[in-house]
Amino acid sequence: MNSDLVRHRSPAEQELAKRRQELAILQAELTDRELLLESLLAELAAFEGRYLREVGVLYAELDEWNAKIAELTAEGVGTEQAQSAAAEARARAEESFAAAHGDAAKAALFSPSPELKKLFREVVRQVHPDNAMDEPDRILRTRLLAQANLAYRRGDSAALRRILDEYRISPEAVKGAGATADLERVNRQILRISKRLAQIDSEVADLSSSEIALLMAKVETAAAHGRNLLADMANSVKQRISLARQEFELQSPVDRASR
């Protein structure tokens, strides 16, 4: 009986079975890679927040002192070059302050639990846009995955469960029928997932080679050898702040008048 079923399957049905196996493999790979990307993004954001709180604020303070020194120099010298240098130093100080005290500096440490990772994998598997069967389904999945990414970074497992529930009861979750139509949909899903996998690889490569990622790697390597690299950096900047403050005080009108 089984041989009769196999013998009477149409070429489209046979191809569909093969392509569905390929699709299942790609979908599992996509789930893992999306988790990798989101974890990397969250880890880098958390590390950047730590860096800004421990070191960035000190660089902002140093830039402020340097701006004050440049403004004093411009006031005393009065040349256009000195005034331009003072304006640049002030702009740099304002930029450093904004970076050190902005939203990036508030990012909390990111340490997802195995349960959170498992839940996020399930959400990606269920709602990823590259698994959509039609345009309305794709639009819904895109919205839900964006919400899931934010929920994962916040460690909000309840939000991830709500996203799963919302998709499971949606009309868009209903799949079509017919071997030829199914084969076309599967082929398009495979193509779309393949493109997304390539995009993720590119994004991960760019993130991994970014300045903040390279610094994070150095900090982790130093920590493995018992050294707190960020603390060392902070102490170095503190020394430079002390020297800049002394230079400012030596150049200030009040100090010059007392000598």
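Helices here are DSSP runs of H or I with at least four residues, numbered from the N terminus. By that count, Leu229 lies in helix 9, which covers residues 229-251. The model is a predicted one.

Leu229 has a relative accessibility of 13% and counts as buried, because the cut-off for buried is under 20%. Its contacts, leaving aside residues up to four places away in sequence, are Leu215, Lys218, Val219 and Ala222. Leu215 sits 14 residues from Leu229 in sequence. In space, the two C-alpha atoms are 9.5 Å apart.

Arg196 belongs to helix 7, residues 179-208. Arg196 is buried too, at 16% relative accessible area. What does Arg196 touch, not counting residues up to four places away in sequence? The partners are Leu30, Glu34, Leu37, His128, Asp130 and Glu203.

The table sets the two side by side.

| Residue | Helix | Relative accessible area |
|---|---|---|
| Leu229 | helix 9 (residues 229-251) | 13% |
| Arg196 | helix 7 (residues 179-208) | 16% |

Helix 3 runs over residues 80-101, 22 residues in total. From first C-alpha to last, helix 3 reaches 32 Å, close to the 32 Å expected at 1.5 Å a residue. Which residues of helix 3 are buried? They are Ala82, Ala86, Ala89, Arg90, Ala93, Ser96 and Ala100. These cover an arc of only 125° around the axis, so they fall on the same side of helix 3. An α-helix has 3.6 residues a turn, so residues three or four places apart point the same way. The buried residues of helix 3 pack against helix 2 (11-77). The other side of helix 3 carries exposed residues: Glu80, Gln81, Glu88, Glu94 and Glu95.

**Helices 4 and 5**

Two packed helices are described by the angle between their axes and the distance between the axes. Helix 4 spans residues 114-127, and helix 5 spans residues 135-154. Their axes come within 10 Å and cross at roughly 170°. That angle makes helix 4 roughly antiparallel to helix 5, because angles over 145 degrees count as roughly antiparallel.

Helix 4 brings Leu116, Lys117, Phe120, Val123, Val124, Gln126 and Val127 to the contact. Helix 5 meets them with Arg141, Leu144, Leu145, Ala148, Asn149 and Tyr152. How do the residues of this contact divide by type? There are 9 nonpolar, 2 polar and 2 charged residues.

Terms used:
Residues numbered from 1 in each chain as written. Predicted model: local features only at pLDDT ≥ 70, side-chain atom pairs only at ≥ 80, totals over all residues. Heavy atoms only, no water. Helix = DSSP H or I, 4+ residues; strand = E, 2+ residues; numbered from the N terminus. Expected span 1.5 Å × (residues − 1). Buried < 20%, exposed > 50% of the residue type's maximum accessible area, 1.4 Å probe, protein only. Arc of directions from axis to C-beta. Contact = heavy atoms within 4.5 Å. Axes fitted to C-alpha atoms, helices over the stretch in contact; angles between N-to-C directions. Parallel < 35°, antiparallel > 145°, perpendicular 65-115°, else oblique. Nonpolar A, V, L, I, M, F, W, Y, C, P; charged D, E, K, R; others polar.
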